[in-house]
Amino acid sequence: MTNGRITQPGRVFALEQRLHLVDRQLLGTWAAGGRPLWELLPALPAPRRPSSLS
């Protein structure tokens, strides 16, 4: 997670390590919208049980 930009080497490293990236734009959307993170990151599965955020 960063409030800046993610470099191409950072993207490659994240892919190799199976990390989810949250850049400035996605962080702003997540913070402002009240949408759960699994809706904003397609590779992140939704929780198995409904939560108060869904």
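The model is predicted. The chain contains 3 helices and 0 strands, and its elements follow the order α-α-α from the N terminus. Its radius of gyration is 13 Å, whereas a compact globule of 54 residues would have a value near 10 Å.

**Overall dimensions and surface**

- The C-alpha trace extends over about 35 × 25 × 10 Å along the principal axes of the chain.
- Of the 54 residues in the protein chain, 17% are buried.
- The accessible surface amounts to about 4700 Å², and carbon and sulfur atoms contribute 55% of that area.

**Nonpolar core**

- The largest nonpolar core consists of 5 residues, namely V22, L26, L37, L40 and L41.
- In soluble globular proteins, nonpolar side chains tend to be buried together.
- One member of this core, L37, is in contact with W30 and L44 when neighbours within four places in sequence are left aside.

**The N-terminal residue**

- M1 belongs to the segment that precedes α1, the helix spanning 8–17.
- With a relative accessible area of 66%, M1 is classed as exposed because its value lies over the 50% cut-off.
- Beyond its neighbours within four places in sequence, M1 is in contact with V22, L27 and W30.
- The C-alpha atoms of M1 and H20 are 8.4 Å apart in space, although the two residues are separated by 19 residues in sequence.

**Salt bridge**

- The structure holds 1 salt bridge, which is formed by R35 and E39.
- The closest N and O atoms of R35 and E39 are 3.3 Å apart, and the pair qualifies because this distance falls within the 4 Å cut-off.
- Side chains of opposite charge can pair when their charged atoms come close.
- Both partners are partly exposed: R35 has a relative accessible area of 39%, and E39 has one of 44%.

Notes: Residues are numbered from 1 along each chain as its sequence is written. This is a predicted model: local features need pLDDT of at least 70, side-chain atom pairs count only at pLDDT 80 or more; totals for chains, interfaces and linings use all residues. Side-chain values use heavy atoms; hydrogens and water are left out. Helices (H or I, at least four residues) and strands (E, at least two) are DSSP runs, numbered from the N terminus. The radius of gyration is taken over C-alpha atoms; the globule rule is 2.2 Å times the number of residues to the power 0.38. Buried means under 20% relative accessible area, exposed over 50%, partly exposed in between (1.4 Å probe, protein chains only). Accessible areas come from the Shrake-Rupley method with a 1.4 Å probe; for residues, only the protein chains shown count as cover. A salt bridge is a side-chain nitrogen of Lys or Arg within 4 Å of a carboxyl oxygen of Asp or Glu. A nonpolar core is a set of buried Ala, Val, Leu, Ile, Met, Phe, Trp, Tyr and Cys residues joined through side-chain atoms within 4.5 Å. Contact means heavy atoms within 4.5 Å.
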